Amino acid sequence: GCGGGNDSADTSADAETTEKTEESADAGSGSHKCGFVVGSFEHVFYQTIRDGIESKAKELGMEAIVTDAELDPNIATNKVQDLTAQGCEAIALSCNDAAGVKPAIENADAEGVAMFTFDCSTDSEAINCFVGTDNYKGGQLGGQELLKYSEDGDTVGIICYPTASSCLDRQNGALDVLKDEDRTVVYDNDYQGDANKAQEIMENMLTANPDMAAVFCVGDPAATGALAAIKAAGSDCKIIGFDGNPEAKEAISDTEGNGKWWVSEIAQNPTLIGETIVEQMQKYLDEGKVDAAEIPIDPYVIDASNVADEM
Amino acid sequence: MEPILQVKHISKVFPGVKALTDVTADFYPGEVHTLVGENGAGKSTLIKIISGVYTPTEGEVILEGKKMDFHTPGQAIDAGITVIHQELSIANHLSVAENIFLGCEPKKKNGLLDRKKMERDAQEVLDFMKVDLKATALAGRLNAAQQQMIEIAKVITKNSKVVIMDEPTSSLSEKEIDALFTQVKMLKEKNVAIIYITHRLKELTEICERVTVLRDGCKVDTMMVADVTEKDIVASMVGREMGDYYNKEEHTRGREMLRVENLCQKGVFENISFTAYAGEIVGFSGLVGAGRTEVMEAIFGATKIDSGKIFVEGKEVQIHNPREAIALNIGLVTEDRRRTGLLLKKKIKENIALPSLPNHCRKGGFLDDKWETEVSEDYMKKLKIKAPNIHTILNTLSGGNQQKVILAKWLVADSKILILDEPTRGIDVNARSEFYTLMNEFVDNGGCIIMISSEMPEILGVADRVIVMREGKISGELTREEANEQSIIGLASITSDAS
Amino acid sequence: MDKVKKWISENVVIVVLILLCIGFGVGNPTFITPQNIINVLSQMCINALLASGLVYVIILGGIDISVGSVVGLSGVCAALVGLKFFPNMGIPTALAVLILTGLVMGAIIGGFNGLMIAKFKVVPMIATLAMLSIARGLAYIVSGGQPVYGLPNSFAFLGANRLIKTEGMPNGIIPVGVIFTIIIVAIMHIILSKTVFGRHVYACGSNPNVAHLSGINVPKVTLICHMLCGITAAMGGVLMASKLQNGQPAGGDAYEMYAIASTVLGGTSLTGGSGSVARAMFGAAVIAVINNGMNLMQISSYWQKVVIGIIILLAVILDMAQQNKGKN
Amino acid sequence: MDKVKKWISENVVIVVLILLCIGFGVGNPTFITPQNIINVLSQMCINALLASGLVYVIILGGIDISVGSVVGLSGVCAALVGLKFFPNMGIPTALAVLILTGLVMGAIIGGFNGLMIAKFKVVPMIATLAMLSIARGLAYIVSGGQPVYGLPNSFAFLGANRLIKTEGMPNGIIPVGVIFTIIIVAIMHIILSKTVFGRHVYACGSNPNVAHLSGINVPKVTLICHMLCGITAAMGGVLMASKLQNGQPAGGDAYEMYAIASTVLGGTSLTGGSGSVARAMFGAAVIAVINNGMNLMQISSYWQKVVIGIIILLAVILDMAQQNKGKN
Ligand SMILES: Nc1ncnc2c1ncn2[C@@H]1O[C@H](COP(=O)(O)OP(=O)(O)OP(=O)(O)O)[C@@H](O)[C@H]1O
Ligand SMILES: Nc1ncnc2c1ncn2[C@@H]1O[C@H](COP(=O)(O)OP(=O)(O)OP(=O)(O)O)[C@@H](O)[C@H]1O
Ligand SMILES: [Mg+2]
Ligand SMILES: [Mg+2]
């Protein structure tokens, strides 16, 4: 996900009360056809959003077409066109990479399709509602966890993915928290979403800084790689992951095993994101309004204390 | 005597071409049996059937009384049939030894390759053949003649019952040919049956017992060489009596066309000076490796000269690349038409027009299709190029016709000075005769030809003047009257004081 | 009858395209709506641009795997130029910014590739692999790793607008991007098939020795081909930037694969010497139709990968088989 | 003196490697610690495995761009097999699961590639491009798109353990994965350089026609080479799965590029006929050293892309220049 949604609050503030008369006229039956463009089916996070969308849509009797944008705004644009061609009344998409698919959104809007965004958004007046996590805030949580698992003078690390802007936001959130603290921060790396690269990066960081106290991983694949490197090196560096994927929860709950290192996780609530966006779309198509122009789903921390409730 | 190998009623049909029709022949051990015929008569096709490259459409191959059913060359090799194909079969990246033993490498007891033994054995064979080559040398770095010697070594190392050689001498000079013939004679003594293909009929009397003539895919006759003359063979090849096919004419020498002075390329040739005039054919003779090709390539701008001057029509010129040579109306017919002469997968018309395009295009660099079509059709007629039309892909033409396309290409480019490097290599008598006529016409119209040839009769039959090269230097010049086999060989060979 | 057979054997890609269209049309009627056909056309633009230039270098017997990165870098640069110097540009200025940036960036990057290959004799695969890495790195560096956004709507005219608006289609019928692509592809086609330079490209690809000895400046031809390939890729990049109304440093990642597949489906031989821009367009259309059709039929994106691989394989095998038949 | 010059001209990649090591060693002393050297060795394992098989198909004049996807698919499969059938496996069982899965998956996928290329005459680039897509799709399908986790520690023995534990290095000195890689690479080296089959590979790559006429079964050699390449790639995949103690469906994405660069840096010619496994290992080492060194020096990851492109280019140009000098 990403954090481009902040400014959409004011630009689409009045969308709430906008009535779309033609649409609400032929709707109301309960069976709406809606399209969804999800960031990537290859990431567990998005898969969970997808599952949330599908289960909620089923519950509400909505016909949902869920497609994969492969984290490529060009493909996302194509998908929006395809969904419009298929006659969707409303489309929700995750605009990965800030301003990603604005023209596509506005074109679809001009053709009478109600547009929604989730996970990350863009500043377009055409957007009726945005539901998503604030990645920057999540990054700040990560920074705080780093502080918690280290002491003054310690070295801490971040495994980054700066070519994905959502991950860049997390990195910046954490860095801003650490800025004025007495910690040496090692970051400047790019694990490219590849667990094996993350393992190598962690290995190199440990070699240069054998007593690293904790590492914040901007995604769960990075945490997986970091775990492998830390175990192999026999270090007791702590891992703070991001995403809230099942393998993270399992690791944290395994306090005698992997949980010795992987101690906490910044979780988004992808299921809730998916469910909420579907609810809002249904509401808009039935009643012509949404609850709020922006519905934040707050990230939260999972650790040994609350992991059991999550599984 | 029992024949060791028989072919019975062989026919081979390629899509659109019937290459062989009902050919039957017997081959005897200890005998050289030559196949002759014009280009495209089906000689290579026949031996490819015998050696498992092609399967015949009809008919059978019988080895030692048993019917063979080859589907791959490997099966024929295992049965004792080895071949030197018309196209050089050398793997450039492998060493000489590896090439010689390709497909039958010696193994150590543990199953690994026995490289030492391979190199030792290969060196032995090379020494035995008196070829000055290291077994560890990289084959791709050798010249065509040396590569051909590797092929011959390849055959000798195998214990074959039948050895087939398809035009083995086309890239060899007299010295290597002698070495080859020595080997052939030894194979004969070992009672090997040899099938031999050549366009140089002179060779027949030297090593060959029996000759089979093919024409248009049919067998015309099998004769004992002792019973017939070269003329008879030519007659049955082309189906009519043929006179002197060199068509020698008297030419009148015109103005100076090309003069080079003290051309040098370090380690390759030095102090090359000669003059060529309009209205004459200058022959360049010498042993393979004398550096003739290199001199001509340098004049044409394909390689750099270190020093020396070039004058075209009396004016000194600088030629840095072939483009500049072409602009001075020089054309080069290279010695290896497949590698450096033709775009084999392109149409006749595209090949003919290639060097002339920049001068015959419409405004803005657009192709002038009308001109291209007209000029190609025109030259196809003029040079009697045998092909369905100007859109025929060059790959499907016979060697002689391919050669004519190259000639057409340079005639269209308005060449006044034509350099021909081994222009008739692998071309049959009939096509040659036509080619010589074209050369004569070109010279009569004021052109100038420089012809490199390693074939003595050709040089003697065609050239108005012979320049002989030896080890990168010009060793002498002979007028038409002075030139004969002895005088040329005298200048070409390494004399005792030179070595 | 024989003529039909011959035509089929020479145009397998068109046959495959028609079969795919019929298949998807039956599978989902939406596929053949005018709206969707326009979508397919506009979705294939970027790939078509990339393929049109790739044809040149592939005919030479080379390859350019940096085209995807060039898309990213030139898109970012166009967006930056627009943002820095013409924040309030009108449509003509926007077009000029996009096209000129595309030309300049493409010529520079392609020229660099060409120089490495023609002058320093680096194998094309490696020279352009290096460029793949370099250009992508530069795209992130100049953009600071973030998409370059905040451009006016005029910037999106080229990529996102459609002409001829009707009541039924309030966004217009003909995408400007499609027109842009057709113009460039047509130019590329004409250069290759109707000019002396084009003939020289084929000659160099068939046999560089022969070309050299026929007076052709082979290094120059190589250089120009790579520049053309760079320019079409950069045009793809600016088109994408305009379509998205911002510059994406990650844009075009891995697009080289589909562009190469398009040219090969269009009968361009990877060993050089033959190929055609027009046919590569059919190859690009096949890829676009597969992607679009599978989306409409809601095939899972995991299976899409498998299916697209199989279709590419089948199409190439079919083409081979037909060509060999044609020979016999 | 001349001998030294000759050696340098033939071993530019080693010279480049040494220069890089000196450079990074001066830049950051950590680089030359034994610990870091072990890291570099273990970090180059996967790429080294991929390159050792790629050498074969590249000598044939072909290519295999599916190796990265094979890494992903075989890693996922090994993890699934372990999880489903041997959830409580010991180290020997884990090794058997990993190696056998690698062998089977590699032989099947490589065999399929080889079949397409040798039998159906599909150009290697396209056949393996299709496989790149197919294998990746399958990796997501069999794993359901999620990492396959929950494997016991024994599963990580091959990839993550180190032998010879001392007081100074309580985790051991020699990574098991490095030993595993060395064994496989050594086998690949011996097959290529010391066996008759190896000669035949060179012959087929140098001139398939000649090889055929010499009685070599060219399609069979092609098939086997692609199987070997598939197997080494799959071994890279299972090694990665063991290292991470789970199967990543996205694993190995784009690794083919670095593997190809490694073989070319190691002097394998993309036009076929020449190359060596041992030298490709130096190529792989160069890539690993660059990556590791730049990480240690904390060069920005964007610049890393640019730098790695430039170094590949420079190394290849240097190699060219030296080879040409050697010729004269
Ligand atoms: N693979 C092939 N496909 C189609 N036609 C072929 C093929 N090989 C040979 N031919 C044709 O078969 C005929 C016989 O060719 P072949 O090579 O046997 O002639 P040749 O007697 O060896 O000629 P040359 O003296 O030029 O070598 C020619 O018309 C040739 O064009
Ligand atoms: N690839 C090569 N590597 C090393 N030496 C070579 C190579 N090719 C040719 N030579 C050498 O260069 C010299 C000239 O060779 P070349 O055969 O081209 O001469 P030529 O007189 O033109 O022969 P031809 O009679 O075939 O035209 C010879 O000494 C030869 O051994
Ligand atoms: Mg022949
Ligand atoms: Mg010569």
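How many salt bridges does the rule find across the interface of chain D and chain C? The rule finds 0 salt bridges there, and the legends below, which all refer to a predicted model, begin with that interface.

View 1. The area buried between chain D and chain C is about 3500 Å², and carbon and sulfur atoms give 88% of it. Of the area that chain D buries against chain C, D:Met257, D:Tyr302 and D:Leu313 supply 17%, more than any other three residues. Alongside the count of 0 salt bridges, there are 2 residue pairs in polar contact between chain D and chain C, both residues of each pair being at pLDDT 80 or more.

**View 2. The interface of chain A and chain D.** Here 31 residues of chain A are in contact with 35 residues of chain D, and the area buried between the two chains is about 2800 Å², with 47% of that area given by carbon and sulfur atoms. The rule finds 2 salt bridges across this interface; one of them joins A:Glu203 to D:Arg162, whose closest N and O atoms are 3.6 Å apart. Across the interface of chain A and chain D there are also 14 residue pairs in polar contact, counted with both residues at pLDDT 80 or more. The side of chain A that touches chain D receives at least two residues from each of helix H3 (44-60), H8, helix H9 (220-233) and helix H10 (246-253) of chain A, and H8(A) gives the most to this side, with 10 residues. Chain A and chain B, by contrast, are joined by no contact, and their closest C-alpha atoms lie 37 Å apart.

**View 3. An aromatic pair in chain A.** Over all chains the count comes to 11 aromatic pairs. Among them is the edge-to-face pair of A:Tyr161 and A:Tyr191, with 5.4 Å centre to centre and 65 degrees between the planes. The pair links distant parts of the chain, 30 residues apart: A:Tyr161 lies in the loop between strand E6 (155-159) and helix H7 (165-178) of chain A, while A:Tyr191 lies in the loop between strand E7 (184-186) and helix H8 (195-208) of chain A. Both A:Tyr161 and A:Tyr191 are buried.

**View 4. An aromatic pair in chain B.** B:Phe300 and B:Trp410 form an edge-to-face aromatic pair, at 5.9 Å centre to centre and with 90 degrees between the planes. This pair, too, links distant parts of its chain, with B:Phe300 in the loop between helix H9 (292-299) and strand E14 (307-312) of chain B and B:Trp410 in helix H14 (residues 399-412) of chain B, 110 residues apart. B:Phe300 counts as buried because its relative accessibility is 0%, and B:Trp410, with a relative accessible area of 2%, is buried as well.

**View 5. Charged groups over aromatic rings in chain B.** The charged end of B:Arg259 sits over the ring of B:Phe311, at 4.2 Å from the ring centre. In a second example, B:Lys382 lies over the face of B:Tyr379, and the distance to the ring centre is 4.5 Å.

**View 6. Positive phi values in two loops of chain B.** Most residues other than glycine have a negative phi. B:Glu167, however, has a phi near 50 degrees, a positive value in a residue other than glycine; B:Glu167 is found in the loop between strand E7 (162-166) and helix H6 (174-189) of chain B. With a relative accessible area of 6%, B:Glu167 is buried. B:Glu471, which is not a glycine either, has a positive phi of about 45 degrees and lies in the loop between strand E19 (465-470) and E20 of chain B. Is B:Glu471 buried or exposed? B:Glu471 has a relative accessible area of 51% and is therefore exposed, the cut-off for that class being over 50%.

**View 7. B:Thr479 in strand E20.** B:Thr479 is found in strand E20 (residues 473-479) of chain B, and its relative accessible area of 34% makes it partly exposed. B:Thr479 and B:Met118 are 361 residues apart in sequence and, C-alpha to C-alpha, 50 Å apart in space.

Methods. Residues are numbered from 1 along each chain as its sequence is written. Chains are lettered from A and ligands numbered from 1 in the order in which they are written. This is a predicted model: local features need pLDDT of at least 70, side-chain atom pairs count only at pLDDT 80 or more; totals for chains, interfaces and linings use all residues. Side-chain values use heavy atoms; hydrogens and water are left out. Rings of Phe, Tyr and Trp (its six-membered ring) pair if their centres lie within 6.5 Å; planes under 30 degrees apart count as stacked, over 60 as edge-to-face and the rest as tilted. Helices (H or I, at least four residues) and strands (E, at least two) are DSSP runs, numbered from the N terminus. Buried means under 20% relative accessible area, exposed over 50%, partly exposed in between (1.4 Å probe, protein chains only). A charge sits over a ring if NZ of Lys or CZ of Arg is within 6 Å of the ring centre and within 35 degrees of the ring normal. Contact means heavy atoms within 4.5 Å. Buried area is the accessible area (1.4 Å probe) that two parts lose on being put together, summed over both. A salt bridge is a side-chain nitrogen of Lys or Arg within 4 Å of a carboxyl oxygen of Asp or Glu. A polar contact is a pair of N or O atoms within 3.5 Å; within protein, one must be able to donate a hydrogen and the other to accept it, and residues adjacent in sequence count only if both atoms are side-chain atoms.
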